[in-house]
Amino acid sequence: MKRTGILGPRGTHSEAAAVRLNELSAEKSELVILPEIFEVLSAVETGQLDAGFVPVENSLEGSVNITLDTLARSEELIVAREFVYPIHNQLMARRGVELSAVTKIFSHAQPISQCRKFLRENFPTAELITAPSTARAAELVAESAEPCAAICTERAGTLNGLEILAAEVQDNMANTTRFFEVRRRAENFAPENLDGDKALVICQIDGSRPGALCGVLEEFAWRRVNMTRIESRPARTGLGEYIFFFDLEVPAIKNLLFDAVEDVSRKSVWLKNLGVFPVINA
């Protein structure tokens with residue numbers, strides 16, 4: 001059985017999504033809990049784990065930067081699968097704590113942002129405290145003697161003896177997160193030999209050349225390769241220098257995609273193709 005790293009502790013959205021993907025998959029995984037997303041990806045990169053399961057984008061709050069930045073700098077990691085999972089956030093506290101008494105709320109930065117309207121309307125003066133994960137937030141609330149609460153999964157709260165004060169507190173009921181299952185690049189890795197729904201390409205473009213980005217986009221456009229997402233991140237090599245992430249749908253004629261990627265590579269400072277992979281919905 002393969003060993004897959006996930007963000008812990010037990011009760012995170014990552015764990016819930018990984019458990020659900022396990023249920024849907026023929027190939028089962030032993031889930032190994034690690035405290036940080038970077039540690040999950042590093043364990044895969046060094047061969048300590050067979051795979052890592054990490055969040056990459058939330059429909060309300062956008063990209064998970066540590067995932068993108070690590071994929072961009074790594075020479076070893078590829079994307080094996082994408083999993084789209086609905087996110088449900090609960091406000092939970094110790095038994096006996098009243099909603100009106102809560103003065104501190106713990107959670108990961110992403111759920112805090114996902115619940116911003118709820119918090120503004122119901123807890124305008126409460127102190128918002130970020131934790132490494134929603135599960136850790138639940139642990140902190142369980143350990144505290146103060147009247148505080150956590151925005152977390154119901155499982156994380158239950159594991160720590162918490163009860164729901166307010167259910168489904170995310171601002172949008174269509175709240176979903178995309179996760180990547182990431183693996184090491186095999187010696188015979190060849191994206192053109194893979195089957196799937198999408199591809200992820202990362203490249204650095206010379207921003208000093210006028211129209212450089214436009215020229216890259218045209219390579220996809222004239223071949224009718226649909227781009228579902230484009231994201232830029234600092235290249236960390238100098239002010240104004242950026243890396244671009246392209247999520248691309250695989251067309252019926254796959255060679256159109258790989259021809260486009262080859263031509264984009266010629267127009268880039270560097271380019272990484274992280275593979276063709278299936279997209280699975282919960």
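**View 1. The largest pocket of the predicted model.** The volume of this pocket is about 420 Å³. Its lining comprises 23 residues, of which I37, P55, V64, H108 and Q110 are the closest to the pocket centre.

**View 2. Elements around the largest pocket.** Two or more lining residues come from each of α1, α2 (37–45), β3 (51–58), α3 (65–73), α4 (109–114) and β11 (176–184). The largest share belongs to α4, which supplies 3 residues.

**View 3. Residue classes in the lining of the largest pocket.** The lining contains 12 polar and 10 nonpolar residues, with 1 charged residue.

**View 4. The largest cavity.** The structure has 1 cavity of 30 Å³ or more. The volume of the largest cavity is about 70 Å³. Residues K2, T4, A18, L21, N22, S29, L31, F53, R81 and E181 form the lining of this cavity.

**View 5. Elements around the largest cavity.** At least two lining residues are contributed by each of β1 (2–7), α1 (13–24) and β2 (29–34). Helix α1 gives the most, with 3 residues. α1 is also among the elements that give two or more residues to the lining of the largest pocket.

**View 6. Residue classes in the lining of the largest cavity.** The cavity lining divides into 4 nonpolar, 3 polar and 3 charged residues.

Note on methods
Residues numbered from 1 in each chain as written. Predicted model: local features only at pLDDT ≥ 70, side-chain atom pairs only at ≥ 80, totals over all residues. Heavy atoms only, no water. 1 Å grid on protein atoms, 1.4 Å probe; cavity = no way out; pocket = protein on both sides within 12 Å on 5 of 7 lines; lining within 4 Å. Points joined across faces, edges and corners; volume = space filled by probe spheres on them. Helix = DSSP H or I, 4+ residues; strand = E, 2+ residues; numbered from the N terminus. Nonpolar A, V, L, I, M, F, W, Y, C, P; charged D, E, K, R; others polar.
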